[in-house]
Amino acid sequence: MKHILVIDDSPTIRVSVEFTIKKLGYQIRQAENGKDALEKIAEIQKAGDDIALCICDVNMPVMDGITFIREFRKTDKFTPVLVLTTESENEKVSAGREAGASGWIIKPFQPAELLKIVEKFIR
Amino acid sequence: MDDTRVLRDVFIREAADILASLESDLVRLEDEKAPELVNDIFRYVHTLKGSSGIAGFKSVYAFTHRLENLLDMVRSGKLAAGREIIDLLLVGLDWIRLAIDSGEEAPGLDEGREGLLKRVEAIIESTAPIPAEAPGGDAGPSEEEMDLGYRYFRIKAGFREDIFETGTDPLMIMEDLFSLGVVVERHTDRKRLPELSAMDPEKCYLGWNLVLKTKSPLQKIDEVFMFVRGDNPISVEDITAQYAISTEDPEIKEKRIGEILVAKGILTDVELNDALKTQDGENTRIGDLVVAKGYATEREVQFALGEQEKIRKRIETSTVRVDTGKLDKLLNLLGEIVIGQSAIAGIAEELDEERGFMLKNALYGLDRTTREFQEQIMSIRMIPIGPSFEQFRRFVRDTAHAHGKEIRLEIDGGETELDKTVIERIDDPLKHMIRNAIDHGIEPASEREAAGKDRNGTITLRSYHQEGNVYIDVVDDGRGIDKVKLRARAEQAGLLKPGEEASEAKLLSFLFLPGVSTAEEVGDLSGRGVGMDVVKNNIESLRGSVEITTRPGKGSTFRIKLPLTLAIIEGMLVRVGRNVYIVPLLSIVESLQPRKEDIRTVKEKGEVIQVRGEYVSLVRLYDLFGIEPEFRNPWESLVVIVEAAGSRVGMMIDELLGQQQIVIKSLENHITKSRAVSGAAILGDGRVALIIDIHGLIEEISR
């Protein structure tokens, strides 16, 4: 079973991402922040499953997206991580890139657009 | 439900949470001006913007986008977070709420938004920007301009050994520094301190590493070091953002001791690496190593350990949201387990002595576990009252302004936990009491000033646990309740005869009767005492009570006493015929065996019983419930006097069986239409007993 992890503190965003990409046939898991995500990842790996992709917000309480990516990259160099940002956070894109992000999506997104980007990374 | 609907629902719930937090933060910002608050507010608006865009609330998205720009200017210090901006943001929240509630279809929404956006533009244009750094000298920025909040600076000051020779005393410099603010963290750098025998008293070996919390700009701090800078190793670093995160913000992660020591400036990276290199295996602790190497003192390591513990604690208290329905279900299931246990206990009685004893012993252990289980479930239902208090900040502010008063709301004991149901139902009574305090309690500013008090009034909401109860105090520092006027009112209303003795408590209790109030002018806010009776009834229906204390010129306190939870009550078990009923202990005034001559029948009141000169209606419970009693004559039976909503009745029963903690199981509506029954409970022996609702009983018989 392959999982896609959606990490955002806003339930609205998490749910909308899940709805958009669920047709791709992956198991979709939600996490509220970076720390939550790291825990979920550990769970998934313990169960012997793989992570295909992480979609991750930048500005979150407890553990922000940039820190999450850094932590995640310590053990996993290859799984793509997409950063969710808003157009007012341009500087975050480069911070995310430095931390090891693979690409980014600007919020609010069009479903088709999101799907296209995600498909590009998990092909 | 299709995806879009689900998404909208998720968004509506999320938005409600965010708006509530925003509102409370904004009102706090008005008082505290803390930069962390500005950051939080910015983040909330930012999140709201993102979510509304995704959920298809286009108008809200566009609007929050503009608010975000405005807040960004505040955050970056280009605009001061003044009253005007806070006002505008609060009204903006109302607009967002209306837009979301109406699905962006409320009439006048667009006009409202345009009006608000114009105000945003006006503020951006008219508000003088906070001047960057004043051009040196005396003309520093004024208090007001710098009122954005405190900043934190990490200052590392080392001095040349021969600094005393230049006539400079580092201590003087430090004292200058302390006059600028508060030192929140301090470490003395003793690394250069030689053995006592090698020490030259004319040399300076010490350095300092501290965090200063100050409202002064960086430039002021630099000025302190003006004469020693250059040839002494001194660094000043603005760590406000970092400090706010490590001490206040939830944005935290677990840290290693070494990291903390470096972050606090006790160790340098080089020293840490050096210590790590010599760390052989897992068994040596890095703290011990750095002490052994003389990079840090024992105390500094202890300090870092403390910091680590703090961080860990904050990480641990993460939470899960649970539907309270699930908890109720758990509690109900537990009730079933208790019944099963009772059934097994019954079997134990029938076994032979030895095996019966063993079974009973096993059951005893099980009983303890179920009891603890029950307590744990109850504790899950408990939530802190803080958020409930916070929401009144806006209310106090707006209501006070509407009255031309300036009133601060202080909150104390927000961490006190109460049953969720109680918290939900205490809101209205609290609101009413706060409104009363604003309207009647706190005097106008001129009157306060004349009395030598602070022009601004203070209302305090305080909550605490005591003896198995929760107390909520609503305290104002206003004029107090005028007992002379209250007495006059009471006489006017025919509650008291002229000249009749009345204790202070009795007088004050009149305030809870309909139609009594001491305000000379009837305010449009709380009217003429209407409502305090409702407040009292609401609190009593939560099985609580309310009490007033007042001091002339100093203020009044309304003290609400509540049970910790609604799911468990202290009950008195009573027997009528072969049935057992439960009477809430809080409602019982006394139990007595009446004399024959105390029973009368009074016109329009029916049967009454005389208790110390007062007549109390007599309720024959067996009649009410249609069952066969042991005694039909009141003088043979017992009478329990109960009280609710200010009236008393006497209930005829056959026997008092004793007190017990009762877990309430609610009854479906079709089981009983009687208002005199509020629920049922399962007794230790597996029997079911109905809980008598004294409120309902009194209402039922007065009809």
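Which handedness does the crossing have where α3(B) passes α5(B)? A few notes on this predicted model follow.

1. **Ground rules.** This is a predicted model in which local features need pLDDT of at least 70 and side-chain atom pairs count only at pLDDT 80 or more, while totals for chains, interfaces and linings use all residues. Residues are numbered from 1 along each chain as its sequence is written, chains are lettered from A and ligands numbered from 1 in the order in which they are written, and side-chain values use heavy atoms, leaving out hydrogens and water.

2. **The opening question.** The crossing is left-handed, meaning that the near helix is turned anticlockwise from the far one by less than a right angle; clockwise would be right-handed. The α3(B) and α5(B) axes sit 11 Å apart at an angle of about 15°. Axes here are lines fitted to C-alpha atoms, for helices over the stretch in contact, with angles from 0 to 180 degrees between N-to-C directions. The two helices are therefore roughly parallel (angles under 35 degrees; over 145 is roughly antiparallel, 65 to 115 roughly perpendicular, the rest oblique).

3. **Across the chains.** Helix α1 of chain A (residues 11-21) meets helix α1 of chain B (residues 3-32), their axes coming within 8 Å and crossing at roughly 165°. That makes α1(A) and α1(B) roughly antiparallel, and their crossing is right-handed.

4. **Chain A overall.** You'll find 5 helices and 5 strands in chain A, in the order β-α-β-α-β-α-β-α-β-α along the sequence. Helices (H or I, at least four residues) and strands (E, at least two) are DSSP runs, numbered from the N terminus.

5. **S16(A).** This serine belongs to helix α1 of chain A and counts as buried because its relative accessibility is 5%. A polar atom of its side chain lies 3.0 Å from the backbone oxygen of I13(A). For polar contacts, the N or O atoms must be within 3.5 Å; within protein, one must be able to donate a hydrogen and the other to accept it, and residues adjacent in sequence count only if both atoms are side-chain atoms.

6. **Helix α3 of chain A.** At the start of α3(A), a side-chain oxygen of D64(A) comes to within 3.0 Å of the backbone nitrogen of I66(A). The buried residues of this helix (residues 65-75) include I66(A), F68(A), I69(A) and F72(A).

7. **Aromatics.** Over all chains there are 7 aromatic pairs; Phe, Tyr and Trp rings (six-membered ring for Trp) pair with centres within 6.5 Å, as stacked under 30 degrees between planes, edge-to-face over 60 and tilted for the rest. One of them is the tilted pair F63(B) and W95(B), at 4.7 Å centre to centre and 55° between the planes. It links distant parts of the chain, with F63(B) in helix α3 and W95(B) in helix α4 of chain B, 32 residues apart. F63(B) is buried at 0% relative accessibility, as is W95(B) at 6%. Another pair, Y464(B) and Y471(B), is stacked, at 5.4 Å and 10°. Y464(B) is partly exposed at 22%, whereas Y471(B) is buried at 10%.

8. **N209(B).** Look in strand β3 (residues 207-214) of chain B for this one. N209(B) is buried, at 6% relative accessible area, and its C-alpha atom is 6.3 Å from that of A157(B), 52 residues away along the chain.

How values were computed:
Buried < 20%, exposed > 50% of the residue type's maximum accessible area, 1.4 Å probe, protein only.
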